[in-house]
Amino acid sequence: MRRSSTLVAAALAIVFPTTARAMELDETGKLRSARPGAFVVSFDDAASLIALEARETRWQGNPWEARLVTTPVVGDALFGASRLSAYDAPEGLGALSLGGAAGRPTGVLFPGKPLLARVASKRFSLTFWARSAGATSYLTAGYGTGAVFDDGFARVVAIRSGRETSDGWTEFTTGTIDAEVWGVPLSGVLVATSPWAPATSGFAIDALEVIPEGGSPVAPVACTQANVESTCGAEGDCQYGHCIPGFAAWGPLPSRLHREQLVQRWIHLATRVQGDRNAKANAKALVTEGPPLAWYATSARPFFTRLHALVNALRDQHTQFGYPSAGLFFPVAFGGGTATTGACFGPGRHDLLEGKPLGYVVYGATKSPVGTDLKVGDALTAIDGQPPLEWVKQQWAPRAGSTPNDPSADLGWSAQGLSWMLEKRAKTVEITRCAAADRCTGADRTVLTVNVADPMYDKVKGTGSLGSLPGYFWCSIRFKNAIDKFAPGVPSENTVSGQVVRGDVLAVQFDGTYGIEEWSPSMRKLFEGAPRTKVLFDTRQGNGGHGFNAQTVVDLLRPKSQPIAQLLLPSAGWDGAGTITSLLAAYDGCLTSGSGSSYTCLFGDHYSTEEPTPVAGGARVAFLNLADVSANDFLARLVKGAHQPQALRPAHERRLRLGLVGAADARRLGWRQHPDARLGVQRRSLGLAERSVREREGRPPRRGRRPAHERRAAGQGHLARGGARLARGRPRRRRCAVRRSLVGLLLIGCGSSSEPTPIPTPTAVVSTVPPSPAGPPRRTMTTVGLFGGTSMDNLILDPTFDDGGPGIGLWIARASDGSSMSFAQRVTAGAPVGASLPVGVFEETRAYTLLAQVVGGAGPYVARLWVSTEAGGGDSALAQVKVSLASAGPTGLASTDIPVAPDATRVLGGRTWSLFTGEAKGPFPMGGFLIVRVKGGKQRFYLQAPEVLPRALLGGTPALSLRKAIARPLDADEAAAIDHARRLPLVYAPSVKKGQGPP
């Protein structure tokens, strides 16, 4: 009965909130505060800003290390020509425009002390309204002891509440926050663009409201992870052994609509798009627990912790939850490495400790900041009274950046972040120390109980900083390097180093298989000269990389007489109707159809040993794998059993079904789809005919490994997880310093429809117009979804037009001469879906093609895309654009033209937006491509809200009639674009490497 009452109470608290919304529209269409004790900064003029000692801000320096420069607001010069009229302002007599031109202020800083003096409460919430003009507005409430603004201790970034006005103003909120955290005061509130925003972009701000809230702040009482719920409450979390407000670790709790759509999107990714059959099976818990979690959540920690755990339970290390990041790596007080204990741990056997054979052992140590120095060889035997493996299992899985496909790899990955877990999450640890390697009984055994929380809490409390950490160093996963001489580093590649050790053993060490130009040649060079008889590969820090580099190693070691093969295939389909058998038949049928090739058959690819006498075919091989994933895992398994008739055990095959959808970067909304992977003894065991792809394409069989440039041309796949981001051999640039993912869209302005159903007709955003003598504008209020009015079931996994790159659901841009091209994003309210989804900005004088692959399944598919130009659009601009949807089947590719809907044209912000929408019959057994071709010239094109949805997921008839077109053969431009995409090596990299800190 008590549980039932609790659930009912929680539901009522959501449906019938106890406090009114911050601001509502009155009868004149103006925002008015209805909360007693609240005060509003109106941005009518400089007076209210001066009273709060506000400072105008600008970013200086490299965006990676941008410095905030502030100047006191002393008069109306800040406003000048940037003042918005009362007609445009949603509240009061005006509003302020920030950014938009080089040299202009890009933000306003409110120091904490004068702001807090106006709040008659120790708890309050902040809301403000913004209208984007090219840039997202970020409000950051920072806690610290800096003189002006210091958010290094804790910070809260406001998110979209889901409310917007009909003329493009969006409400942002911090939720309820406290005036101080652990005695560290609110140092300031900064409302500004990102340092990555172009100088010509900006936003308007109005109605910053500070609202007193009820209840009591979370008291910093002692806690452990075992009692966080009962001791700290739903609004609290436990770090450094003391309760801390949950907002400091997880940020605000999204609205119920946004929570539901966030869960819906994760379910869609896991069950309809995920290529990993193992992850799809693991998604059952997400499907069952996700929707109730979104409904009943009342605070951020329980919601994000559990949803994060459900995503990690997919067991696909390429999949990352994104923002807000794991509590382990989020401020309070940045730290990491050896910070709290002064030690790095690795997995090992406690061979002298009875009953505790496996666990964590200290392998690197320095002076401890907590007063008890640990030593190399010390065994970690308890954490807060629990066995270490049990404690880590409970704390690591819900908070790790991701979890490996193979549960047996948890020990290695968790060991790398163990120092961080102990720093942020443990109260006490038990250390057992033996006097010598062969003595650990009686007086030779020492058991130490180390309080790792209180000394660090005392150090942080009131200062907002960890301060200096003596002897601090990062933790890696290697106890000791396998070699002592290392090759020079190669920019943007994993370095391959090797030397002969202990007589005739060739030891090779690398952290992953990233690298296009130098990796494989460096590896082959190590095997030159006398035949190697013993080889040791140290890949304990195995971050993955390119598949063709792993295959280079296999070709050096494994003879054709002992064959092994691997096959990569796209996901079998969103609808689950496709099976691995039917997918294999379609792939093999496409290859043998006469005109088919691995290019027209999309991202299907396979490899098998073909070397009759490899240079080290008789060598004994040992692999050191610990924290490995993806290509590193494949490498070890492809080589394993080189002198045994059975190549791999079935358990390994099950664990190697590595299909994925993963965040390219937690700061960006980029999703990648890995193919489904299978291993077998030879091609026939994989369901493929014996003839190779090369033979079908008229090439001779391989005789030895091809050069790197030829392998790239063949488009062999990539399997990766860690390491540096690569894009054509260069690091990809980061656009935004604020972390972005699915949840990151909460930070981006507003959309234009409250309906969560797929493809509604969005409400137009009203552009700025001259004042009307009829009086002030009559605004209306609406509630907007996570992706505006677009569908959570969209098969375009990156609807935000991120930088692009190979992978299902991502955009690839190709100029007419075959070279790659870049494109940008712009966030603006003056677009069909508003600022909830960025607009892709394309400016290229050459003709170019944009392409995004989608997963397969039953047809028909519905495609949708909004297009405009800088000059205003119209028929002349539309004549330069052609949109099509190509489908892949057993006999190759076909295409369907997507027409313009004549009844959907919109004029917004001086631009004419046209909607391309249509229906392609299908089926799409091997997926398809949404293709946009532009003739080029001097026009700048804007694209927003690309969608491809199966008709079966529409949930009803779309508002617009859709033209059903008959599929036609691909034309030359489409074929060239798909061929280009097929040849690109896939590249994957996380935003934060395991064991490293936040940027």
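This briefing describes the aromatic contacts and the disulfides of the structure above. The model is a predicted one, and the values below are computed from its atoms. The count of aromatic pairs comes to 18, and that of disulfides to four; a selection from each group is described here, together with two places where a charged end sits over a ring.

**Aromatic pairs and a cluster**

- Among the 18 aromatic pairs is that of Trp 182 and Tyr 457, whose ring centres lie 4.8 Å apart and whose planes stand at 85°, so the pair is edge-to-face, given that planes over 60 degrees apart are counted in that class.
- Trp 182 belongs to the loop between β14 (180-181) and β15 (184-192), whereas Tyr 457 belongs to helix α13 (residues 454-460), so this contact ties together parts of the chain that are 275 residues apart in sequence.
- Trp 182 has a relative accessible area of 7% and is therefore buried, and Tyr 457, also with a relative accessible area of 7%, is buried as well, the limit for that class being under 20%.
- A further edge-to-face pair is formed by Phe 510 and Trp 519, with ring centres 5.2 Å apart and planes at 80°; both Phe 510 and Trp 519 are buried.
- Five residues, namely Phe 801, Trp 811, Phe 823, Phe 842 and Tyr 848, come together in one aromatic cluster.

**Charged ends over rings**

- Arg 118 places its charged end over the ring of Phe 39, at 4.3 Å from the centre of that ring.
- Arg 911 does likewise with Tyr 942, its charged end sitting over the ring at 4.4 Å from the centre.

**The disulfide of Cys 223 and Cys 238**

- A disulfide is a covalent bond that joins the sulfur atoms of two cysteines.
- One of the four disulfides is formed by Cys 223 and Cys 238, whose sulfur atoms are 2.0 Å apart; because the torsion about the S-S bond is about 100°, this disulfide is right-handed.
- Cys 223 is found in the loop between β16 (202-212) and α4 (228-232), and Cys 238 in strand β17 (residues 236-239), so the bond ties together parts that are 15 residues apart in sequence.
- Cys 223 counts as buried at 2% relative accessibility, and Cys 238 counts as buried at 1%.

**The disulfide of Cys 232 and Cys 243**

- Cys 232 and Cys 243 form another disulfide, with their sulfur atoms 2.0 Å apart, and with -80° about the S-S bond this link is left-handed.
- Since Cys 232 lies in helix α4 and Cys 243 in strand β18 (residues 242-245), the link ties together parts that are eleven residues apart in sequence.

**The disulfide of Cys 344 and Cys 475**

- The sulfur atoms of Cys 344 and Cys 475 are 1.9 Å apart and form a disulfide, which is left-handed, with -85° about the S-S bond.
- This pair links distant parts of the chain, 131 residues apart, with Cys 344 in strand β19 (residues 343-349) and Cys 475 in the loop between α13 and β24 (497-501).
- Cys 344 is buried, as is Cys 475.

Technical notes: Residues are numbered from 1 along each chain as its sequence is written. This is a predicted model: local features need pLDDT of at least 70, side-chain atom pairs count only at pLDDT 80 or more; totals for chains, interfaces and linings use all residues. Side-chain values use heavy atoms; hydrogens and water are left out. Rings of Phe, Tyr and Trp (its six-membered ring) pair if their centres lie within 6.5 Å; planes under 30 degrees apart count as stacked, over 60 as edge-to-face and the rest as tilted. Helices (H or I, at least four residues) and strands (E, at least two) are DSSP runs, numbered from the N terminus. Buried means under 20% relative accessible area, exposed over 50%, partly exposed in between (1.4 Å probe, protein chains only). A charge sits over a ring if NZ of Lys or CZ of Arg is within 6 Å of the ring centre and within 35 degrees of the ring normal. A disulfide is a pair of cysteine sulfur atoms within 2.5 Å.
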